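Here's a quick briefing to read with the model open. Have a look at the structure first, then go through the notes below.

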Amino acid sequence: MTCSVYAPANGQMGGCNSTLTHGQECDIDCNDGYSPNGTMHCDGGNLTEATCSPDGCKSISKPQNGQMGSCNNEMAPGGECQYACDYGYEATDAEGKLSDGTIFCDLGNLTEMTCEPKTCSVYAPANGQMGGCNSTLTH
């Protein structure tokens, strides 16, 4: 008895041929951001299929000048959590725009978020001048 083998979603045939005979098994390859679950196995003409599952994010650490907030050391694929910046710092995304500190796990990749020093606008006092001050100061 034989089993027909097809590439899994988000993967390739890897070490598999298009047909397995009874008792044979083979390993698949998965696309970047996915990991294989199980092996292809033919048993009496019934194929046990391996799948490619999205990768989670591991070894998550607190940002410089911030805390873990609602984040743990690992995150499931598609998960999200929120960092907390230290006093005097604010969350910014990868483009440098202000954010709420939320990060996402997408196929094993974590979105970027940093805690940058807050800036303060400085204005000349009434009946005075800026002197040696710039128009902004940082924490």
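## Disulfides and a buried threonine

C85 and C115 form a disulfide (cysteine sulfur atoms within 2.5 Å), with their sulfurs 2.2 Å apart. Bear in mind that this is a predicted model, where local features need pLDDT of at least 70, side-chain atom pairs count only at pLDDT 80 or more, and totals for chains, interfaces and linings use all residues. Residues are numbered from 1 along each chain as its sequence is written, and side-chain values use heavy atoms, leaving out hydrogens and water.

**The C85–C115 link**
- The link is left-handed, with -85 degrees about the S-S bond.
- It connects distant parts of the chain, 30 residues apart: C85 sits in strand β12 (residues 84–85) and C115 in strand β16 (residues 113–117); strands are DSSP E runs of at least two residues, numbered from the N terminus.
- C115 is buried at 4% relative accessibility, while C85 is partly exposed at 24% (buried is under 20% relative accessible area, exposed over 50%, partly exposed in between, with a 1.4 Å probe and protein chains only).

**The other disulfides**

**T92**
- T92 lies in strand β13 (residues 89–93) and is buried, at 6% relative accessible area.
- Beyond its neighbours within four places in sequence, T92 is in contact (heavy atoms within 4.5 Å) with residues including K97, E112 and T114.

Conventions. Helix = DSSP H or I, 4+ residues; strand = E, 2+ residues; numbered from the N terminus.
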